[in-house]
Amino acid sequence: MLAIGGRWLPRVAIDALATAWAALEVAGLAVLWQRTGDGHSVSWLGGWYPVRGESVGIVLVGDRIGIGLALLAGALVLAVVVYSWRYFDEPPLQHAGTFPALILLFEAGMCGFALTGDLFDAFVFFELMGAAAYALTGYRIEDPRPVQGALIFGVVNSLGAYCTLLGIGLLYARTGELGLAQIGLKLAGHHADSLLTAAFVLVITGLLVKAAVVPFHFWLPDAHAVAPSPVCMLLSGVMVELGLYGTLRIYWVVLSGPHGIAPPHLRATFVAAGVLTALVGAVMCWQQRHLKRMLAFSTVGHVGLFLIGMALLTPEGVAGVALYVAAHAGVKAALFATAGVLLDRHGSVDEHGLYGRGRDLPLVGALFGLGGLALAGLPPFGTALGKAVTEHAAGERFPWLPVVFVLVSAATGGAVLRACARIFAGVGPRPREHDDGTETTGSGEAPEIRDPQRPVPIPMLAVPAALLCASLAAGLLPGFGSALAHAARQFTDRTAYTAAVFGHAVTPSAPLPEVGWSVEGVLLSLASTALAALFAAAAVWGIGLPWHGVGRAVRQRVVLPLRRLHSGHLGDYVTWLVVGVAVLLVVMAA
């Protein structure tokens, strides 16, 4: 309707309609979240209920984690729609409704994926989400760079989706079922074998590609570098997290029983993948001067931390990650929104080229700096609380993992603080230009408006401010953490999910995880924040740290090879996807 009606409706009417629909979606999901409580909301579409335990219908199953992710997607879509009121210049009349229509279609895919209880329909919603995201990434078709970024995004994710479809086919051949709960019941009488292991690896391949887990992550910085800033708010804020959610949902419902893959083996595999993803993301984030690529690699780093928390396979890990994801979404979306203001005003997202040019945007600088501090884990932001709960759960099994959380948070937050100091305060000497052939600068970007001298529109300032306030509230409201603790216990109860699908109610028996501030969590969060500030100051003022020689060796032997791997060539990325699938198959089958 929006896409077709855009031919005749004025721009104000289109924006009002898109905002109204997005707001109604948020209201509906909020009511569903409240009414579901600590149970499950189950809907068999078309009234096709199971008969004697057999079903042919499609089921939607909502618990507080799934509904919460759908609500998070809806809230970010509403923020993006409001932010975009004045973001783009006036498009041709016949295309005026295309952007909001694609945004709402993107939301439909994300919400459907979060709520479906059917494996094949999860794939359908997964592809709907992807198709809308590809179109939004290449929205500016007059520029070849967005088209290339969208092409890489689309091809790599589509290849991952084909792997997922093949895995679904193997599970269907084994069980004759497509519902998650039904597959789990059918497999209850079987022990894990090579077919089941291969099917699981193939199914989660597409999800891990969407989640940008190393080595499936190469598409993400290229897509973020060229996508419109409002689209980046959704890609980093919620889409990549949905890939991790799908992986965890499939494990807990289908494979967490005695027939499934052994938890210690799965835990070790995915903790290792999470650590690798976190470290690669942090290192590459620190090395960027292109602000949108910097924030994209920051997302990769935090995805690694989320994956570590999920891989613990405990309610406390799930609760911590859920809180971390919710708060991180607000912070990351706010940072991309402020980067959009710089692109709006100066036509550049190059940290070096923007040196001192942001002095006329003090409010934007304050929001950007607050976002960097929140990313580093400054209490009482929700990112700090989610980090504290997750790293406590991780430290109980692997005592060295909190060090990874502190370093990754410090590096990603420090990169943002470094850029903030240079751009908005002109602090330190002007960065020296050097080009080793592996750097993307972000200069010479095309502004997404026609008049870069206009005052910054109020929605482009109000939206990031509201998002940061929401992230702060996530750390301050005790009821929010308590609700997520109950939600995590429910999410990890396979029996309760299966019983709900077939119309029964089961009370969770597992102990309730503790979600709240602790002395240890506050101290580690303050440590990562202080370290981020130290990193930023050392970079801005060119201070030689005691390990400067070691840093030079690391740059030559680690950083430069990593940069060259991110070549922008589609063939290279496809090769890494194949390598990643092969490694997963070997490791999981060992």
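Contact here means heavy atoms within 4.5 Å. Helices (H or I, at least four residues) and strands (E, at least two) are DSSP runs, numbered from the N terminus.

Housekeeping: this is a predicted model, where local features need pLDDT of at least 70 and side-chain atom pairs count only at pLDDT 80 or more, while totals for chains, interfaces and linings use all residues. Residues are numbered from 1 along each chain as its sequence is written, and side-chain values use heavy atoms, with hydrogens and water left out.

**α7 itself.** I checked residues 180-187 and found six of the eight buried. They are Leu180, Ala181, Gln182, Ile183, Gly184 and Leu187.

**Val501.** I followed the α19 side next, since valine 501 sits in that helix and counts as buried at 2% relative accessibility. I listed its contacts, leaving out residues up to four places away in sequence: Val42, Trp44, Val61 and Ala181. Ala181 is one of the buried residues of α7.

**α6 against α8.** How do the two helices run relative to each other? I fitted axes (lines through C-alpha atoms, for helices over the stretch in contact, with angles from 0 to 180 degrees between N-to-C directions). The axes of α6 (residues 144-175) and α8 (residues 194-210) come within 7 Å and cross at roughly 150°. The pair is therefore roughly antiparallel (angles over 145 degrees; under 35 is roughly parallel, 65 to 115 roughly perpendicular, the rest oblique).

I noted the residues that meet, among them Gly160, Cys163, Gly167 and Arg174 in α6 and Ala199, Val203, Gly206 and Lys210 in α8. By class, this contact has 14 nonpolar, six polar and two charged residues. Ala, Val, Leu, Ile, Met, Phe, Trp, Tyr, Cys and Pro count as nonpolar, Asp, Glu, Lys and Arg as charged, and the others, Gly among them, as polar.

**Cysteines.** I looked for disulfides (cysteine sulfur pairs within 2.5 Å) and the structure holds zero. Cysteine 111 is buried at 6% relative accessible area, and cysteine 232 is buried at 0%.

**Whole chain.** I logged 22 helices and two strands. Of the 590 residues, 61% count as buried.

Technical notes
Buried < 20%, exposed > 50% of the residue type's maximum accessible area, 1.4 Å probe, protein only.
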